[in-house]
Amino acid sequence: MACSFLSFLAVLLAASACLPSPATAASLSFGEGYTQLFGDSNLALHGDGKRVHISLDERTGAGFASQGAYLHGFFSARIKLPSAYAAGVVVAFYMSNGDVYERTHDELDFEFLGSVRGREWRVQTNVYGNGSTAAGREERYGLWFDPTEDFHQYAIRWSPDRIIFYIDDTPIREVVRTETMGAQFPSKPMSLYATIWDGSSWATSGGRYKVDYKYAPYVAEFTDLALRGCAVGGPATAAAGRSACAGAPDGAMPPAQRAAMEAFRARHMTYGYCYDRVRYPSPLPECSVGAEAAAFLPSGDARASRRARGGRRHRPRGGGGADAAL
């Protein structure tokens, strides 16, 4: 087990040299690029607006959004999640245009799903295009670290032909546009959002475990918020850069990144829509299903042995990696 994990770490480190440079994904202060959506005093600014805390209590959650919308780009934040018992709590970092296109909206999500004490947070990514929520393209993963102990970077790279999700500069998911996907590939300008809210009805074990407000407030912390995209509305800031559209290059993923992504997915994926035969008796057109499908149940959930392996935490020692670089 130790050797396999060391091999996994080696792949991640090899990939880091090819990934987006923090210097080019310049962060903005809250006032430069964002606006509060809801939550009144449950949103607090720190460090001259460079750090944002949003919290959930008995009264309300909280959320904020970018001041403008973007068509493609690179979008990221370093996030620290609430600790201890967090069942039912949902923290989301995502792009959407649902406020403009109510019935045909696009959406790219990181959703962090809270857990009972002693069990890890789960991460879910979603891709919806042109209102295609009925054909959900969801995936869930365990993590190789405790996301409540320190900040970790989560990023979305969106170009006309592909979408890549990253955790700490490691690509974890790639969605390549295909002809059969058509308008279900997100293609309209979107804004960036961050929210915390009560998802007791579904977030933890299908709603079995609810938010327990005796542990409130639940605080999610955000810093190094980066908007590097093709702005179509809102203020043009120097930090975003006049060449912002260069933040969404297309082309094949470099081999080191692809190896890192495949290693992550083999070890940490706990649900994949491409393996869900209950929901999709025939896989959606973009799915390429091979021998790895044997590791998943007909529900799309990973078999027990895979979940146990993927959910176990391994804490790399030292301060290296993406957090140190940022």
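Me: Buried means under 20% relative accessible area, exposed means over 50%, and partly exposed lies in between (1.4 Å probe, protein chains only). What makes strand β14 mostly covered?

Reply: This is a predicted model, in which local features need pLDDT of at least 70 and side-chain atom pairs count only at pLDDT 80 or more, while totals for chains, interfaces and linings use all residues. Residues are numbered from 1 along each chain as its sequence is written, and side-chain values use heavy atoms, with hydrogens and water left out. In strand β14, which spans residues 218-231, eleven of the 14 residues are buried, and the strand is mostly covered. Strands here are DSSP runs of E with at least two residues, helices are runs of H or I with at least four, and both are numbered from the N terminus.

Me: Why is I164 called buried?

Reply: The relative accessibility of I164 is 5%, so I164 counts as buried. I164 is found in strand β11, residues 162-167. With contact taken as heavy atoms within 4.5 Å, and leaving aside neighbours within four places in sequence, I164 touches A155, I156, R157, P171, R173, E174 and M253. Of these, M253 is 89 residues away in sequence, yet the C-alpha to C-alpha distance between I164 and M253 is 9.4 Å.

Me: How do you know that β3 and β14 pair?

Reply: Two strands pair if DSSP finds at least two bridges between them, and β3 and β14 have six, running in the antiparallel sense; in this pairing V52 stands opposite F222 in β14. Strand β5 (residues 70-80) also pairs with β14 in the antiparallel sense, over eight bridges, with F74 opposite R228 in β14.

Me: What makes β2 and β12 edge strands?

Reply: The open sheet of seven strands has the order β2-β3-β14-β5-β10-β11-β12, with antiparallel pairing. β2 (43-46) and β12 (170-176) each have a single partner strand, so one side of each is left without a neighbour in the sheet. For β2, four bridges join it to strand β3, residues 51-56, and A44 has H53 in β3 as its bridge partner.

Me: Which strands does helix α3 lie across, and at what angle does it run to β12?

Reply: Helix α3 (residues 255-268) lies across β11 and β12, running at about 95 degrees to β12. Axes are lines fitted to C-alpha atoms, for helices over the stretch in contact, and angles run from 0 to 180 degrees between N-to-C directions.
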